[in-house]
Amino acid sequence: MKNLNRRSFIQKTSLTAAAVSIAPSYLKANSERPLSSTYMGGFAAPKLEKVRAAFIGVGARGGTHARFFAALEGTEVVAICDLYEDLVQEKTQWVKEASGPNRHKNIAQYWGDEDKWRTMLKEVKPDVVFIATNWVNHAPMAIGAMEHGAHAFVEVPIAITIQDMWDIVDTSERTQKHCMMLENVNYSRDELMFLNMCRQGVVGEILHGEAAYIHELRWQMEEQERGTGSWRTHHYAKRNGNLYPTHGLGPVAQYMSLARKEDTFGSLVSFSTPARGRELYAEKNYPTNHKWNQLDFKGGDLNTSIIKTTMGKTIMVQWDETSPRPYSRLNLVQGTKGILAGFPTRVALEGGVEGLTEDHHSWVQGEQLEKLYEKYDHPLYKRLNEAAKGSGHGGMDGIMVYRIMECLQKGLPLDQNVYEGCLWSAVSPLSERSVASGGAPQPFPDFTRGNWKETAPLEIIS
């Protein structure tokens, strides 16, 4: 019997050792937090009475953030940086028009050289930096901002490689500076209402979610020398996976409180369709010798990934920026008592929705939703909706920027922490790995190093 136990022990430990040895390097790296670093899950930075901000990249996104920020009390735009002089000049004027003649008088301007942002950080020393540039620049710019003493606010995705995400986490923990991904969809009316309903237990225990970014954007290929299409098209050609997961995934992850005490990301499997749409679009719309017709498009038109959490819950995440179809983020969450779904927004509950439906076989939707908005609209939306109108994307951009400033000025934790930004963005490189390996499961790195178990779920902020 002793020999059997010994053999069993040797066999089990050998298998464990083998499993560890073949574990992806991104799981084994950065496993311990240095003693000098601070966990940032519920971190609240010292209050900033006046928030001095610099903006890097003011094309399609950064300029609108600067304009809304400039109109808020207790803010100062201290620098604007972009590759192009005309964008810097235009967005400087936007800031002055938004805030009136007596504010933001000394805006430093930087353009031309790709490293001008580094000069800006050294010379201006802002409190916060908003980054809205080419995806590959997000990580080095966020890290540079934190190294120079600024909180970093980064457009989606936060980074495109797992190593860059670890570097962002390590820098944030070492410098005790926030690095928040600007996931604006978490501040949309329906997403906020669904969060409120989930927190109130309306759908019971959540078992499954569905998230997506379905948005036909082939027209961006017209942006060939500058603009989003000029660099994003190359990502579509070279990478095969879900390149843009966070708009759909962020809200669903917060409904489920992933990486916040209750559960966290476990692994994913991923599959892509053949790559046809971009190639056909290029053939139809550009000459044979055009640069878009010289690309070998490898990225599938539609990617479907399935995430399994450590508690066994599932999330389907889809991405498609090519196929001719209506816009959708899916935004679905299934619980033991009912379902919340988006595009179009609709709700079904076991036993029916009081005064509206008799059972879960009928949706509450269309004009009927007004009664649900009256009952479950998120208090944050009620408070900030009017102030955020006109800020972009139906007001969600403004609510997001307002909340960032409110948290910094009052010394509160942010609504989204650095680990969430990295976990949501990690779907991209992990899906690429899974697709390349025929759908093999890919484990998520634990950027929190186990501290997610101590991080409180996002409260219903009023």
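This is a predicted model: local features need pLDDT of at least 70, side-chain atom pairs count only at pLDDT 80 or more; totals for chains, interfaces and linings use all residues.

Two residues are said to touch, or be in contact, when heavy atoms of theirs lie within 4.5 Å.

Find Phe-130. Leaving aside residues up to four places away in sequence, Phe-130 touches Ala-53, Ala-54, Phe-55, Ile-56, Phe-69, Phe-153, Leu-182, Ile-404 and Met-405. Phe-130 also belongs to the largest nonpolar core, which has 126 residues. Within this core, Phe-130 and Phe-447 touch the most other members. Helix H14, residues 396-410, gives the largest share of the core, with eight residues. Domain 1 (51-182) and domain 2 (186-378 + 417-454) each contribute at least three residues to this core. In soluble globular proteins, nonpolar side chains tend to be buried together.

Next, look for helix H15, which spans residues 418-425. Is this helix mostly covered or mostly uncovered? H15 is mostly covered, with eight of its eight residues buried. They are Val-418, Tyr-419, Glu-420, Gly-421, Cys-422, Leu-423, Trp-424 and Ser-425. What do these buried residues pack against? Their partners are helix H7 (162-175), strand E6 (179-181), helix H10 (246-255), strand E8 (265-272) and helix H16 (427-436).

Now for the open spaces. Rolling a probe the size of a water molecule over the atoms shows where empty space is left. The largest pocket holds about 1300 Å³ of space. Its lining has 48 residues, and the closest to the pocket's centre are Ala-132, Thr-133, Asn-134, Thr-228 and Trp-231.

H6 provides the largest share, five residues. By type, the lining of the largest pocket divides into 22 nonpolar, 14 polar and twelve charged residues.

Our last stop is the second largest pocket, with about 270 Å³ of space. Of the 16 residues that line this pocket, Arg-260, Pro-413, Leu-414, Leu-458 and Glu-459 lie nearest its centre. The lining here is made up of eight nonpolar, three polar and five charged residues.

Terms used. Residues are numbered from 1 along each chain as its sequence is written. Side-chain values use heavy atoms; hydrogens and water are left out. On a 1 Å grid over the protein atoms alone, a cavity is a set of points where a 1.4 Å probe fits but cannot get out, and a pocket is an open set with protein on both sides within 12 Å along at least five of seven lines; lining residues have an atom within 4 Å of a point. Grid points are joined across faces, edges and corners, and a volume is the space filled by probe spheres set on the points. Helices (H or I, at least four residues) and strands (E, at least two) are DSSP runs, numbered from the N terminus. Ala, Val, Leu, Ile, Met, Phe, Trp, Tyr, Cys and Pro count as nonpolar, Asp, Glu, Lys and Arg as charged, and the others, Gly among them, as polar. A nonpolar core is a set of buried Ala, Val, Leu, Ile, Met, Phe, Trp, Tyr and Cys residues joined through side-chain atoms within 4.5 Å. Buried means under 20% relative accessible area, exposed over 50%, partly exposed in between (1.4 Å probe, protein chains only). Domain bounds come from an automatic or database domain assignment.
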